[in-house]
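The model discussed is a predicted one.

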Amino acid sequence: MSASATFDTYARAPLAVERGEGAWLIATDGKRYLDFTSGIAVNALGHAHPKLVAALTEQAQKIWHASNAFVIPGQERLAQRLAAVSFADKVFFANSGAEAMEAAIKTARRYHFVNGHPEKNRLITFTGSFHGRTLATLAAAKNPKHTEGFDPLPDGFDQVEFGDLKALMRAIGPETAGIVIEPIQGEGGVRRVPGSVMRELRRICDERGLLFILDEVQTGIGRTGKFFAYEWSGVTPDILAVAKGLGGGFPLGACLATAEAAKGMTSFTHGTTFGGNPLAMAVGNAVLDVVLADGFLDHVQAVGLYLKQKLAGLVDAHRAIVDEVRGEGLLTGLHCLPPNREVLGVMREHGILAVAAGDNVIRILPPLTVTEAEIDEGLQRMEGAFAAMAPVQA
Ligand SMILES: *Cc1c(COP(=O)(O)O)cnc(C)c1O
């Protein structure tokens, strides 16, 4: 047991956070780090964005919480705006990604239930996926590192190998309700689903009467350079979970659905005490004010491309440390040769923070507001870290 009174569930880096300014994180010892974790793709607008600070403090003077027994005007507005920019007609607000996914799973089961097919209650998921740490989302992702010791897990999830469409076809049966996929696996190592596969999955769902469910908890809200990553593929889902970037650092998740897919979610079928509370809604609406403003997503695409080119140069110069650039927009990853956590530790010593992912990848997730100059600074620090790690040439 550690000296901390908190659960020992996290392998925390020896860095205590004090405050943040845009892409910069300042530790309690005064040391400044370039923060390319963005709180794991959460701080979409960086730290302490003036519009978010203003929205939250202004709302804090009015009302914090009232419960979903009443109309929350901020919810009506945010739901309408999310629907207007997406495939969705209906939105359910939650507090986290896992809760948004739980709502997605329940929505899918209820859809078939009210259609007279209660037996269609199984969802197909993929290896390497991550959907959260609740029991149902653990059962969906089936990552043995996350599930060990937590049996019994809820039933209702069938898993196939990521990218194996033949196995997928074999897995579809009379009890299949839908397919759940991340357009880019984040925790799984920044593994992208090709557009052709997204279109094939949509086609299979249409043909077999299945719901196409996307987990965009990490990829949503502009992270890949489109508002939602599915927009790159040209097809739309029936149900989608989003969270991380939506609150810009305030806990906020949402489940979006078409009116048809959401038709089973009638009065009293689902609920949450905190979900969609006025503070969260004020911040979520302020995030959308910025992300949906003219030119913002163009900026994400442009700096994303710039970052990717720079990372490719880093790979060329340090083949013993990293050998592959992955991702889209500002959801990028580098595949490492030494253990990724070792690489991250040396980077931290050089004042640059990034995030570990599966498949021995480090995720480079700058805030969407990052500038080319900040990317230059970050890459210079990474360069310094990689040079320090390189074996001394004879
Ligand atoms: C982070 C994440 C989740 C879980 O979100 P929490 O807010 O931690 O519950 C679910 N799905 C994906 C794709 C994620 O990246």
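In which loop is lysine 142 found?

## Backbone geometry

Lysine 142 is found in the loop between helix H5 (135–141) and H6. Most residues other than glycine have a negative phi, and most peptide bonds are trans. Lysine 142, although not a glycine, has a positive phi of about 50 degrees.

A cis peptide bond runs from aspartate 151 to proline 152, with omega near 0 degrees. Proline 152 itself belongs to the loop between helix H6 (144–147) and strand S6 (157–160), so that helix H6 is named in the location of lysine 142 as well as in that of proline 152.

## Domains and their interface

The protein is divided into domain 1, which takes in 17–49 + 294–393, and domain 2, which covers 63–291. The C-alpha centres of domain 1 and domain 2 are 27 Å apart, and the contact draws 29 residues from domain 1 and 25 residues from domain 2.

The size of an interface is often given as the accessible area lost when the parts come together. Between domain 1 and domain 2 that buried area is about 2200 Å², with carbon and sulfur atoms giving 62% of it. On the side of domain 1, the residues that lose the most area to domain 2 are Leu297, Glu328 and Leu331, which together account for 27% of what that side buries. Across the interface of domain 1 and domain 2, 2 salt bridges are found.

## Packing of H3 against H9

Two packed helices are described by the angle between their axes and the distance between the axes. Helix H3 (residues 73–84) packs with helix H9 (residues 278–291) at an angle of about 30 degrees, the two axes being 9 Å apart, and the crossing of H3 and H9 is left-handed.

From H3 the contact is made by Gly74, Gln75, Arg77, Leu78, Arg81 and Leu82, and from H9 by Met281, Gly284, Asn285, Leu288 and Asp289. The residues of this contact divide into 4 nonpolar, 4 polar and 3 charged.

## Salt bridges

Side chains of opposite charge can pair when their charged atoms come close. The count of salt bridges in the model comes to 19, and one of them joins arginine 202 to aspartate 238, with the closest N and O atoms 3.1 Å apart. Because arginine 202 lies in helix H8 (residues 195–208) and aspartate 238 in the loop between strand S10 (211–215) and strand S11 (239–242), the pair ties together parts that are 36 residues apart in sequence.

Glutamate 187 and arginine 363 also meet through their side chains in a salt bridge, with an N to O distance of 3.1 Å.

Technical notes
Residues are numbered from 1 along each chain as its sequence is written. This is a predicted model: local features need pLDDT of at least 70, side-chain atom pairs count only at pLDDT 80 or more; totals for chains, interfaces and linings use all residues. Side-chain values use heavy atoms; hydrogens and water are left out. Axes are lines fitted to C-alpha atoms, for helices over the stretch in contact, and angles run from 0 to 180 degrees between N-to-C directions. Helices (H or I, at least four residues) and strands (E, at least two) are DSSP runs, numbered from the N terminus. A crossing is left-handed if the near helix is turned anticlockwise from the far one by less than a right angle, and right-handed if clockwise. Contact means heavy atoms within 4.5 Å. Ala, Val, Leu, Ile, Met, Phe, Trp, Tyr, Cys and Pro count as nonpolar, Asp, Glu, Lys and Arg as charged, and the others, Gly among them, as polar. Domain bounds come from an automatic or database domain assignment. Buried area is the accessible area (1.4 Å probe) that two parts lose on being put together, summed over both. A salt bridge is a side-chain nitrogen of Lys or Arg within 4 Å of a carboxyl oxygen of Asp or Glu.
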